[in-house]
Structures are given as structure tokens and as C-alpha cells.
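Hi,

Here is the structure I promised to pass on. Have a look at it first, and my notes follow below.

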Amino acid sequence: MFDYQAPANLLQDKVILVTGAGSGIGRTAAISYAAHGATVILLGRTLDKLEAVYDEIEAAGYPQPALVPLNLDSAPEHDFDELASTLNQEFGRLDGILHNAGILGVRTPLSSYDPVIWQQVMQVNVTAPFMLTQALMPLLEKAENASIIFTSSGVGRQGRAFWGAYSVSKFATEGMMQVLADELENISNIRCNCINPGATRTQMRTTAYPAENPADNPAAEEIMPLYLYLMGNDSLTTNGQSLNAQ
Ligand code: NAP
């Protein structure tokens, strides 16, 4: 999948929601999905970042995106229901979700981990993707086929000292994907999988590894083949997998 070459029209006529679309990997994935024909719904917490991505997509002549400013740290359940209702009116279905938004929390031993930060990390990385998926499931069911992609991490497969809530949240993400994939297998047109992006040149990576030279890690553009593969129809039979983008 590392050298998957997506056809230019891979995502033509698809409606795809990307969380954390204002920066980092989510921004690049949103632009890449739009470049392959998708109408992208840009969800994130910082409006001016979302607007910049919106403008970039529009200037490139890709399908007009939609903007959803939403803070996944504090959004109550009815915000997700309202979003589902708006998307239903606007598009009538949803062909894919990239659950990409995430926060790192702090790097410290569990014995001194701040419970407030623990809750925030669990809320943004696990609970919000669960609530969003649940609210949008009826719209995904209306698509001819649909793809849900969760974002994991190496520390979501093997625990590592001082990675605290982030590591635990990524284990939970892997678990949520597996439970959902098993539930959907054979009864639905919806598939779901996990991507582990691997070390990627973003703000989160710099925060986690401040001493590292950012140039040593690939840019988000370089890990897009797997993001495209799993969102497009070439992966119709892939379900319940946890795959590495590098
Ligand atoms: P990033 O540069 O920090 O971007 C994270 C994105 O999530 C930003 O757009 C951010 O919005 C958004 N976000 C954070 N909290 C949010 C909230 N409460 N509500 C809505 N949106 C929120 O991180 P990244 O490196 O691109 O990471 C993307 C995903 O890949 C994450 O799930 C991360 O865990 C995973 N990952 C990354 C790496 C890596 O090396 N980069 C490795 C393994 C896994 P703002 O821009 O407004 O802050």
C-alpha cells in the first residue's frame, strides 16, 4: 500500500468528513481527498485554520468543501446529532470518515499523570470519535459503500513508558475499530480500519520529540497512499485491519 497510486477520480462524488482538518495530517488528507474528487467536510476546532484549508481547496478548483467548527473536547451529544441532521439535509449520505483529530496530553509517568488531562485525551481521542461515528452511522448506511478510518499509533499497539493517556487512548482506538469492524462484517456496506501514520513531520511530532530534526521525518504528503487506498473503492474488502502508512 505504500506505493499505491490512486486514480485521479478515486473519490469522485464521494462525501468525506475529516476531523482535525485544519492542520497536520488531517489538513493534508482533506486536500488530497478533494484533489481526488471528494466533497470534503472539514471539521476542527480552529476556524481560521479550517478557512485556510477551505480557501486552498477552492483555489485549486476541487469540489467545494464544507466547514464544521467543532471542539471535540467539549461538544455535547446534541452537537453530533445536529451535525448529522445538517449533513443529511445537505448531502443525504456520507461515504467516509477520517477520524484524525487527536491530542498528545503530557509525557509523564502514570503515577503523576494529571487526571484532568487524562480525561481530555480520552475525550478527544476516543469518546468523540465514538459519538461522531454513532451519530453519523445512519448517513453512512445510506451510502453505496462507506469507509471509516481511525487513527492509531505505534504506542497503541505496544505500551511505552511516559506516553500515558495518549498510548492508552490509541489502544482503545484499535479496540473500537475491531469491535465495530466485527459488528459490521457481513451485515453492512461499511468497512472500518486503523491507520498508524508513523513518525510524520507535524506539530504533534515536534511537541513529542523536541530534540529531533523535523526534516528527518516524512511530510504528511508522503503518507497519503494508504489514506487514499482505504477511503477509495480499491479497499472494499478490507475491514478490521490496522495498517501502517510507512
Ligand atoms: P497535529 O498536527 O497536532 O494535528 C492534530 C489535529 O487535531 C489539528 O488539526 C487539531 O486542531 C485537531 N484537534 C486537536 N484537538 C481537537 C479538538 N478538541 N477538537 C477538534 N479538533 C482537534 O497532529 P498530527 O501529527 O497531524 O496527528 C494527526 C493524527 O495522527 C493524531 O490522531 C495523532 O495521534 C496521529 N499520529 C501522528 C503521528 C505523527 O508522527 N505526527 C504519529 C502517530 C499517530 P488545531 O489545529 O486547531 O489544533
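Which helix gives the largest share of the shell around the ligand? That is α6, with 3 residues. Helices here are DSSP runs of H or I with at least four residues, numbered from the N terminus.

Before the rest, two caveats. This is a predicted model, where local features need pLDDT of at least 70 and side-chain atom pairs count only at pLDDT 80 or more, while totals for chains, interfaces and linings use all residues. Residues are numbered from 1 along each chain as its sequence is written, and side-chain values use heavy atoms, with hydrogens and water left out.

Back to the ligand. There are 29 residues around it, and Ser 23, Thr 46, Lys 49, Tyr 166 and Thr 202 come nearest (near means a heavy atom within 4 Å). By class, the shell has 10 nonpolar, 14 polar and 5 charged residues (Ala, Val, Leu, Ile, Met, Phe, Trp, Tyr, Cys and Pro count as nonpolar, Asp, Glu, Lys and Arg as charged, and the others, Gly among them, as polar). Besides α6 (203-208), α1 (24-35) and α5 (164-184) each supply at least two shell residues.

Now the atom pairs. A polar side-chain atom of Tyr 166 sits 2.6 Å from a ligand oxygen, and one of Lys 170 lies 3.0 Å from a ligand oxygen. For Gly 198, a polar backbone atom is 3.4 Å from an oxygen of the ligand.

Finally, just after α5, Asn 186 has a positive phi of about 70°.

Cheers

How values were computed. Polar contact = N/O pair within 3.5 Å; in protein donor to acceptor, adjacent residues only side chain to side chain.
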